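Subject: Structure handover

Hello,

Here is the structure for your work. My notes on it follow below.

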Amino acid sequence: MNSPDNQSNKISEKDNYQDDLEHQGQNADENGQFYYQEHDISLEKYSDLCEEEYKKSFKNNSESDEDYEADFQHTTVYHHGENNGRHMNEYEFLEKLGQGSFGKVKKVERKYLDEDGVTVLKSFYAAKIFKKSQLEYERVFGYKSDGESFMTNRLHLIQEEINIYKHLNHPNICKLFQIIDDETDEKLYLILEYCDMGQLMIWNEDNQYYDPNDKLDQFLCKQYGIQEQDQFKRRELQANVIFQQIAKGIQYLHKRNVVNRDIKIDNILSFLEENGDHFKLADFSTAKKLTHQHQKLKDCAGTSGFRCPEQQFNLEQGYDGKACDIWSLGISIITYVNHKIPFWSDSNLQTDIAAKNNPIQYEKHNSDQLKDLIESMCKKSEADRINIDQVLTHPFFTGE
Ligand SMILES: Nc1ncnc2c1ncn2[C@@H]1O[C@H](COP(=O)(O)OP(=O)(O)OP(=O)(O)O)[C@@H](O)[C@H]1O
């Protein structure tokens, strides 16, 4: 997401205008002139296309369910003109939520018919949209489980990501509900759980700090009864709530031998609802399913500032993906509390070198419990780091 070494997440008017054109079903003819491609299809028709399968995915929502699989639609994608033309099947495209390196994310409203066949129900989702031709064109290295590299294209890697992501089903993981891939449509759509409060904190390019998300912080204090007046202690109490939830999501992944490899502040999204959990890990573009418990990974992944030293400097021998998630979670926690990344330099390389060689600099207000947690998660040697179960039973979280 809009992390320090990723693209800016700012959305220009122009972007939104171009997005609108794209979603109005406009295509360019050989003279570069736009023409409309409208389809007169009723709401019933769209709902019928996937209602049954879609509902299955909603029912299949429990944490213990091992068999979850997001709905895969190969059916025809219909762009249609109703309401300014921003519809695709039963979805209406609303505002742009963000821009990733390979695709954009838009809020969508899904309208569908209830079981009575009359009542129209509505709900919001986030749609991640990829341009297939562009991704197919981009040549990249893929890595087999033994570390051997092979030439492939970006689309293939995204399909691998989807193969892992579509089975993940946990309250602290932003859920993938549906994949829409029509051979005749130039785009691939991932329909995700919509996290209405967005990112945990917002990266400030000017001062290179993270700005707090004030609305979220107020909600947190109210919802979890945090009344601490001292702002530094309050921040740690908030971190306790957020990262306990995120650690549970990671525990779920690690139990299934899935590693994320890009855990950072920007990839934690929030969800303001009265009941249930409020924090979710998003973005599985670098996730890997390990073939066995101790498999070593050999490709470079992650974001400078949050990634562990071996993810950058020990690729030949390979690294432990679970231990690298623990490091990045530790860095995310201390970054949340102090608003700044502990290892930070002018270039990605210098930042990675600092992570390898330097101790973490704490602020004087950081508690001993917090420092102890971070030190045990961010040991320079991966073998010395605590695992995710030990993170969750650390006194910082249990309060013992
Ligand atoms: N499910 C969601 N609900 C609400 N907002 C979202 C959701 N998913 C993504 N976003 C917003 O869209 C932005 C871009 O997300 P995306 O995952 O594409 O970016 P990214 O992490 O930079 O991708 P990549 O790492 O592949 O470049 C995020 O920063 C976030 O603000």
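Which domains does the domain assignment of the protein give? There are two entries in the assignment: domain 1 covers 17-193, and domain 2 covers 198-398. Please keep in mind that this is a predicted model.

Domains. The contact between them takes 19 residues from domain 1 and 23 residues from domain 2. Together, domain 1 and domain 2 bury about 1,800 Å² between them. Of that area, 58% is on carbon and sulfur atoms.

Cysteines. The count of disulfides is 0. Cys-174 has its closest cysteine sulfur in Cys-195, at 4.1 Å. A disulfide needs the two sulfur atoms within 2.5 Å, so the distance of 4.1 Å is too far for a bond. Cys-174 is buried, and its relative accessible area is 3%. Cys-378 is in no disulfide either, as the nearest cysteine sulfur, that of Cys-308, lies 9.3 Å away. Cys-378 is also buried, with a relative accessible area of 8%.

Helix α5. This helix runs over residues 154-165 and has 12 residues. At 1.5 Å a residue α5 should span 16 Å, and the end C-alpha atoms are 16 Å apart, so the two values agree. At the start of α5, the backbone nitrogen of Leu-155 has a side-chain oxygen of Asn-153 within 3.1 Å. Leu-155 is itself buried, and the buried residues of α5 also include Arg-154, Ile-158, Glu-161, Ile-162, Ile-164 and Tyr-165.

Regards

Technical notes:
Residues are numbered from 1 along each chain as its sequence is written. This is a predicted model: local features need pLDDT of at least 70, side-chain atom pairs count only at pLDDT 80 or more; totals for chains, interfaces and linings use all residues. Side-chain values use heavy atoms; hydrogens and water are left out. Buried means under 20% relative accessible area, exposed over 50%, partly exposed in between (1.4 Å probe, protein chains only). Helices (H or I, at least four residues) and strands (E, at least two) are DSSP runs, numbered from the N terminus. The expected span of a helix is 1.5 Å times one less than its number of residues. A polar contact is a pair of N or O atoms within 3.5 Å; within protein, one must be able to donate a hydrogen and the other to accept it, and residues adjacent in sequence count only if both atoms are side-chain atoms. Domain bounds come from an automatic or database domain assignment. Contact means heavy atoms within 4.5 Å. Buried area is the accessible area (1.4 Å probe) that two parts lose on being put together, summed over both.
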